[in-house]
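Reader: I'm new to this one and would like to learn how to read it. Could you walk me through it, feature by feature?

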Amino acid sequence: MLATLSVLFLSLCSPVRCVFQTLYCSISDSCDCDFKPNIRDLEWDLYKNVYGQHLAQDIVSEEVAKFLRNKSPDQPLVLSFHGSSGTGKTLVSSMLGNHLYGSAMSSPFVHQFVPTLHFPLPHQVKQYREELKEWVQGNLTECARSIFIFDEMEKMPPGLIDVLEPFLGPSHVVFRTNYRKAIYIFISTAGEEVINKVTLENRQAGREREEIKLDDLQEAISQAVYNNSTSGLFQSSIIQQKLITRFVPFLPLSRYHVERCVRSQLCQRGSCSRSDVVEAVGGDMTYTQVQGQYFSATGCKAVPAKINFFL
């Protein structure tokens, strides 16, 4: 009965149908009721609260908007986030959950995996593959609009993630489920050397950070990740079959970006006027290329602890 109501009242929303939709959602836990994408707010959040990441901002907002506009996509949206620690990869993945589901990251249709927690024993890869396949298939059957986030991919046992290959291509369909509507996010530090090298060379050449283009990095990241033996995507068929929609580079952060993180967090604590703390935290961070004070070694990750120390 609930499935029939879903088809009838969630497809269109005239005033009368909206009443029935409200009634349906009051007695159902269907993901259609919790799936409430707000692309405008996602874009606003990306451009207001993610610092120094023009490529990630543009790619994520454009790819997600394009994917959701297509009511019958050819295959899932697969984004692979790469860059140094503290550059915003996990933050952006959280923004996706927050702005696609009414219950945000606490939605039962947003699934997060951490290798050290969920797949800690390399010798059990075969068992993990079976469990992961069953988990993904079961949740996609429950909700075609599921989001799967795989953090710390550099710690993923090699060969495990390839069990997802059938779910990422254009032909895999299960009864009553459109597998092509799901979103997959891979998060990794693998490829950071390539990203940091291009960013440093761009700076040394006197060019603006925003002049770095995706074409400068896309193929280089793909090759670096594929050939990195410590990457969860090492020699992965997912890369071979070109099933990743976009490799998303997160650039290393300069002191200017770190201080923006500090100011933002201070404002959240009601201390926007503490410029002394902004300066102190910015100066106390560790930077690579020390002579030029170029990039923060930990991005914005250490900012909360530093603020607590200087307040």
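Author: Helices here are DSSP runs (H or I, at least four residues), strands are E runs of at least two, and both are numbered from the N terminus. Keep in mind that this is a predicted model, where local features need pLDDT of at least 70, side-chain atom pairs count only at pLDDT 80 or more, and totals for chains, interfaces and linings use all residues. Residues are numbered from 1 along each chain as its sequence is written, and side-chain values use heavy atoms, with hydrogens and water left out.

Reader: How is a helix pair described, and at what angle do the axes of α4 and α6 cross?

Author: Two packed helices are described by the angle between their axes and the distance between the axes. Axes are lines fitted to C-alpha atoms, for helices over the stretch in contact, and angles run from 0 to 180 degrees between N-to-C directions. For α4 and α6, the axes cross at roughly 155° and come within 9 Å.

Reader: Which residues make the contact of α4 with α6?

Author: Contact means heavy atoms within 4.5 Å. On the α4 side you'll find Asp41, Leu42, Asp45, Leu46 and Asn49, and on the α6 side Leu91, Val92, Met95, Leu96 and His99. Sorted by class, the contact of α4 with α6 has 6 nonpolar, 2 polar and 2 charged residues. In this sorting, Ala, Val, Leu, Ile, Met, Phe, Trp, Tyr, Cys and Pro count as nonpolar, Asp, Glu, Lys and Arg as charged, and the others, Gly among them, as polar.

Reader: Let me zoom in on Leu46. Is Leu46 buried or exposed?

Author: Buried means under 20% relative accessible area, exposed means over 50%, and partly exposed is in between (1.4 Å probe, protein chains only). Leu46 has a relative accessible area of 0%, so Leu46 is buried. Leu46 lies in helix α4, residues 39-49. Leaving aside residues up to four places away in sequence, Leu46 touches Gln57, Val60, Ser61, Val92 and Met95. Across the chain, buried residues make up 48% of the 311 residues.

Reader: What about the other end of the chain: how do α13 and α14 pack?

Author: Helix α13 (residues 255-268) and helix α14 (residues 275-284) pack at an angle of about 140°, with their axes 9 Å apart. α13 and α14 are therefore oblique to each other, and their crossing is right-handed. From α13, Arg255, Glu259, Val262, Arg263 and Leu266 meet Ser275, Val277, Val278, Glu279, Val281, Gly282 and Gly283 in α14. The residues in this contact of α13 with α14 split into 5 nonpolar, 3 polar and 4 charged.

Reader: And at what angle do α14 and α15 pack?

Author: α14 and helix α15 (residues 303-310) pack at about 125°, with axes 10 Å apart. That makes α14 oblique to α15. The contact is made by Val277, Ala280, Val281 and Asp284 of α14 and by Lys306, Ile307 and Phe310 of α15. The residues of this contact of α14 with α15 divide into 5 nonpolar, no polar and 2 charged. Take Ala280: its C-alpha atom and that of Phe310 are separated by 7.2 Å, though the two are 30 residues apart along the chain. Ala280 is partly exposed, with a relative accessible area of 24%.

Reader: How many aromatic pairs does the structure hold?

Author: Rings of Phe, Tyr and Trp (its six-membered ring) pair if their centres lie within 6.5 Å; planes under 30 degrees apart count as stacked, over 60 as edge-to-face and the rest as tilted. The structure holds 11 aromatic pairs. In one of them, the rings of Phe119 and Tyr128 have centres 5.5 Å apart and planes at 65°, so the pair is edge-to-face. Phe119 counts as buried at 6% relative accessibility, and Tyr128 counts as buried at 4%. Phe113, Phe119, Tyr128, Phe150 and Phe186 form one aromatic cluster.

Technical notes: Parallel < 35°, antiparallel > 145°, perpendicular 65-115°, else oblique. Left-handed = near helix turned anticlockwise from the far one by under 90°.
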